[in-house]
Amino acid sequence: MKTWQKLRNNPALWPRYFIREQVLTAIRRFFLDRGFHEVETPYLTGSLPPESYLDIFETTLFSRDRKGRQAYLPTSPEPFLKKLLVAGIGNCFAMPKSFRNTEDKSLTHNPEFTILEWYRVKSDYTDIMKDCEDLLVFINTLLARTNMKGSGVVKSTSLTYQGRTVDLKPPWERLTVCEAFHKYAGIRLDKALNGDKLFNLAKQKGYRMENETSWEMLFHQIFLNEIEPKLGRGKPTIIYEYPAALAALSRRKKSDPRFAERFEFYIEGLELGDAYSELTDWREQQRRFEEEQDERRRLGKTDHPIDSDFIDALKAGMPDAGGIAVGVDRLIMLFADVRDIADTMFFPAKDLFS
């Protein structure tokens, strides 16, 4: 049964779907009250960052382009916002739709989704950690006030998701990736960043490996199976300092360049956001883009042009900044207390193509 039919047959479901508008209102209010500029970013682009793990949507040919170039649906608003950082916009955010192919294979994915990205200048990823803590408490408080008809709630720092109470009160739990691998998988990741060490450890654990299995693929297998399900239980977890190979748009740590200034945050096993201290070195960025493009070709993914205009922007000089991408639909899952991302959308992909 499609969503409109469910709502017609059961009007009691409407409040759950209206959580979306409450969350979007709270996000806008949070950032606008703090002096951020909201940006509208395009839904058609001629180039994309070459992220090796993403499958993209090809859309159409520009009818007036004599070269027959392809237009693409963006996987995120990131390159557009960073060009505006170079232009001098200052702190900014956007909440567009983004598109990633083959993203409808689980209860937490939809190929068309709402993404929140914000960038804070003269900042790094630790400042974005604080933003995340404050934002989640702000949304939860606003929803509590709305649902209690403005009855004087000062601040709400707890919610219930799937029968479990989550304490949102800062500071959240913070674990480095190495600490998480050691705690939950029994692996000293800092000793297995290259070579055969991780492969041997994974083989001992019973993981199956093919000839094309890369270190990155193996990292994700272990992370998704042994670590991710344990994160954010009862209290949000910030997991940070990813291996540099897994942070294509992030700055490396000066004190240990094997790792990048990147974090993700989790609540009850839901991965909700991915943040960086943003890379501003155009030469390093171009090198990483070329490596990612080579990896896409090796994996047989759709080839597409690198965003050379983005490299040109970095050449002009991007200010130091921290930034993050947050899955808004997953946030709504959390606040609406539902397990299926489709239950946050009036028109999920499974309705459109059934």
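## Exercises on a hairpin and some salt bridges

Tyr161 stands opposite Arg164 in strand β8. Keep in mind that this is a predicted model.

**Exercise 1.** Work out which side chains of strand β7 are buried.

*Solution.* Start with the range: β7 covers residues 158–161.

**Exercise 2.** Describe how β7 and β8 pair, and look at what lies between them.

*Solution.* β8 spans residues 164–167, and the two strands run antiparallel, paired over 4 bridges. Now check the turn: 2 residues sit between the strands, and Gln162 takes a positive phi near 50°.

**Exercise 3.** Find out where the partners of the Arg233 and Glu268 salt bridge sit, and whether each is buried or partly exposed.

*Solution.* First, the contact: the two side chains meet at 3.0 Å, N to O. Then the places: Arg233 is in the loop between α8 and β10, and Glu268 is in the loop between β11 and β12, 35 residues apart. Finally, the burial: Glu268 has a relative accessible area of 6%, so it is buried, whereas Arg233, with 40%, is partly exposed.

**Exercise 4.** Decide whether Arg262 and Glu264 are buried or exposed.

*Solution.* These side chains also form a salt bridge, at 3.0 Å from N to O. Buried means under 20% relative accessible area. Arg262 has 9%, so it counts as buried. Glu264 has 8%, so it is buried too.

Terms used: Residues are numbered from 1 along each chain as its sequence is written. This is a predicted model: local features need pLDDT of at least 70, side-chain atom pairs count only at pLDDT 80 or more; totals for chains, interfaces and linings use all residues. Side-chain values use heavy atoms; hydrogens and water are left out. Buried means under 20% relative accessible area, exposed over 50%, partly exposed in between (1.4 Å probe, protein chains only). Two strands pair if DSSP finds at least two bridges between them. A salt bridge is a side-chain nitrogen of Lys or Arg within 4 Å of a carboxyl oxygen of Asp or Glu.
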